[in-house]
Amino acid sequence: MRRFRVLLPLLLSACWAVVTAQGAGPLRIHFVDVGQGDAVLIQSPTGQNVVYDAGENQTRMRDYLAGAGVRQVGVAIASHNHADHIGGLPEVLTRYRPAYYMDNGIAASTLTHARVLAAAAAAGSQVLEPTSRRLSLGEVALHVVSPPGIADWDQNDNSIGLLVEYGSFRLSMAGDAEPREWAWWRTHAPKLLTDVQLHKASHHGSIHGDTPAGIAALSPEAVVVSAGHGNLYGHPDPAALQLYADNGARVYRTDVQGTVIIEAEASGAYTVRVERGEGAQPPPAAPMPGLPPPPAQASCVNVNTASFVDLQQIIHLGPERAQQIIDLRRLQPFRSVNDFVRVSGIGAARLQDIIAEGKACVR
Amino acid sequence: MPRYTIDRFEGADWIVLEDDQARTFRIPRHWAPVEAREGDVLDASDEQTAPAVRSVRVAVDPTGRDQRLADAKRLREQLPRGPKGDLSL
């Protein structure tokens with residue numbers, strides 16, 4: 001029996017190797033719930049991994065990759081250089097040292113962007129220019145939809161688009177592209193942005209993201225919205241959700257359903273797994289043996305001492321409520337997280353969100 | 001003097017700022033100068049304007065954005081170049 005226990009993992013490993021060598025597994029695309037931001041992992045049937053954005057939190061995407069058993073990342077792509085897309089990239093670059101790093105070529109003035117570039121340099125990653133090109137992962141093709149590269153336009157309208165193609169299956173992602181970039185693509189990349197099964201909502205489902213013409217051209221069966229639970233920006237916007245509904249697309253939302261995983265076959269068939277809510281299933285990937293455990297979570301935000309800036313890391317806390325907490329704790333320190341109900345606008349539902357997030361603490 | 005960089009505008013109502021430790025937070029759009037644009041570096045200072053009132057003054061650093069952009073471009077130019085055209089991974 002003991003011998004069986006030892007042999008079984010070896011046999012399973014051998015089976016896995018056979019399956020992957022034949023390319024028989026599905027293409028997996030993980031829309032990782034990183035709060036407000038975008039973070040996508042593309043896993044080819046032959047075991048290659050590409051990261052397209054890594055959210056804002058410095059460690060959440062890195063830890064997700066480790067938990068999913070990812071051992072290597074071939075390319076790390078920053079759709080554009082806003083913090084909610086690249087804040088987690090330095091840790092991904094540092095841990096996985098991908099051979100290639102791609103960004104939109106439009107510099108940002110933030111320290112976050114500088115950290116990404118420094119991490120890419122330390123990792124020895126070669127920079128790929130965001131020209132129209134095909135990145136092949138075996139039978140999976142990633143078609144780069146080139147951004148305009150106009151420095152006077154903001155980062156959103158210089159997003160790198162990506163069309164993922166595996167046999168008859170097609171999925172489109174456009175970073176935070178807004179109507180100006182969508183119009184530019186309609187002129188410069190009209191053949192790429194046509195019928196897809198799935199589409200990642202542009203700009204987190206903002207009213208300034210996807211356009212009626214763009215969605216009509218893509219005609220997606222389903223749209224995945226990557227947004228943070230309780231975000232202050234109103235993402236996804238009801239008008240965007242109506243646009244998807246008007247085009248007959250089902251909507252999956254990371255703010256409601258957690259991480260969303262697509263498993264696609266070359267035939268074009270695909271399944272959708274969600275982390276929470278109706279039809280929730282556990283993610284299929286399991287941690288691989290031999291990987292170090294993910295690092296412990298960063299320390300919590302102590303409500304009685306945290307700065308005005310740090311308090312806003314907690315869900316439902318914007319500048320007004322952060323200032324209110326600072327005023328309230330001067331009068332009387334918070335005794336527990338439940339004391340959040342002293343703050344104007346924090347009721348039972350929002351308190352539940354704050355507790356579930358686990359970021360706030362009282363010391 | 002605290003300095004903040006405008007990471008982005010979110011709709012008409014919010015600005016996301018980055019502090020000098022690369023931490024982000026949001027402020028209402030109307031707290032920033034009307035001429036502020038994405039990437040601008042803001043200098044903030046506060047002063048006592050009345051016996052019980054401290055006022056915060058926020059101004060755009062006219063050269064901060066361009067200096068930071070030049071630094072970022074230099075960093076990117078120092079990265080090793082990858083191949084052009086289609087690529088098999």
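Trainee: How do the residues lining the second largest cavity divide into nonpolar, polar and charged?

Mentor: This is a predicted model, and in it that lining divides into 7 nonpolar residues, 2 polar and no charged. The second largest cavity itself has a volume of about 40 Å³.

Trainee: Which residues line the second largest cavity?

Mentor: The lining is made of Val145(A), Gly161(A), Leu162(A), Leu163(A), Ser172(A), Met173(A), Ala174(A), Trp185(A) and Leu193(A).

Trainee: Which residues line the largest cavity, and which helix gives the most?

Mentor: Its lining consists of Trp182(A), Trp185(A), Arg186(A), Ala189(A), Pro190(A), Leu193(A), Gly214(A) and Ala217(A). Helix H6 (179-188) and helix H7 (212-218) of chain A each contribute at least two residues, with H6(A) giving the most, namely 3. By class, this lining has 6 nonpolar residues, 1 polar and 1 charged.

Trainee: Switching topic, how many strands are in the open sheet of chain B, and in what order?

Mentor: There are 5 strands, arranged in the order S3-S2-S1-S4-S5 with antiparallel pairing. The edges are strand S3 (24-28) and strand S5 (53-61) of chain B, each of which pairs on one side only, and from one strand to the next the twist averages 40°.

Trainee: What joins S1 to S4 in chain B?

Mentor: Strand S1 (residues 3-10) and strand S4 (residues 41-50) of chain B run antiparallel and are joined by 3 bridges; Tyr4(B) stands opposite Leu42(B) in S4(B).

Trainee: Which strands does helix H1 of chain B lie across?

Mentor: Helix H1 (residues 64-77) of chain B lies across S1, S4 and S5 of chain B, and runs at about 150° to S4(B).

Trainee: Last one: where in chain A is the pLDDT under 50?

Mentor: Chain A averages a pLDDT of 87, and 87% of the residues score at least 70. However, the pLDDT stays under 50 over residues 1-23 of chain A, where the model has 7 contacts beyond four places in sequence. Residues 285-298 of chain A are also below 50, with 17 contacts in the model beyond near neighbours in sequence. Where pLDDT is low, the predicted coordinates should not be read in detail.

Key. Residues numbered from 1 in each chain as written. Chains lettered and ligands numbered in written order. Predicted model: local features only at pLDDT ≥ 70, side-chain atom pairs only at ≥ 80, totals over all residues. Heavy atoms only, no water. pLDDT = per-residue confidence, 0-100. Contact = heavy atoms within 4.5 Å. Pairing = 2+ DSSP bridges. Helix = DSSP H or I, 4+ residues; strand = E, 2+ residues; numbered from the N terminus. Axes fitted to C-alpha atoms, helices over the stretch in contact; angles between N-to-C directions. 1 Å grid on protein atoms, 1.4 Å probe; cavity = no way out; pocket = protein on both sides within 12 Å on 5 of 7 lines; lining within 4 Å. Nonpolar A, V, L, I, M, F, W, Y, C, P; charged D, E, K, R; others polar. Points joined across faces, edges and corners; volume = space filled by probe spheres on them.
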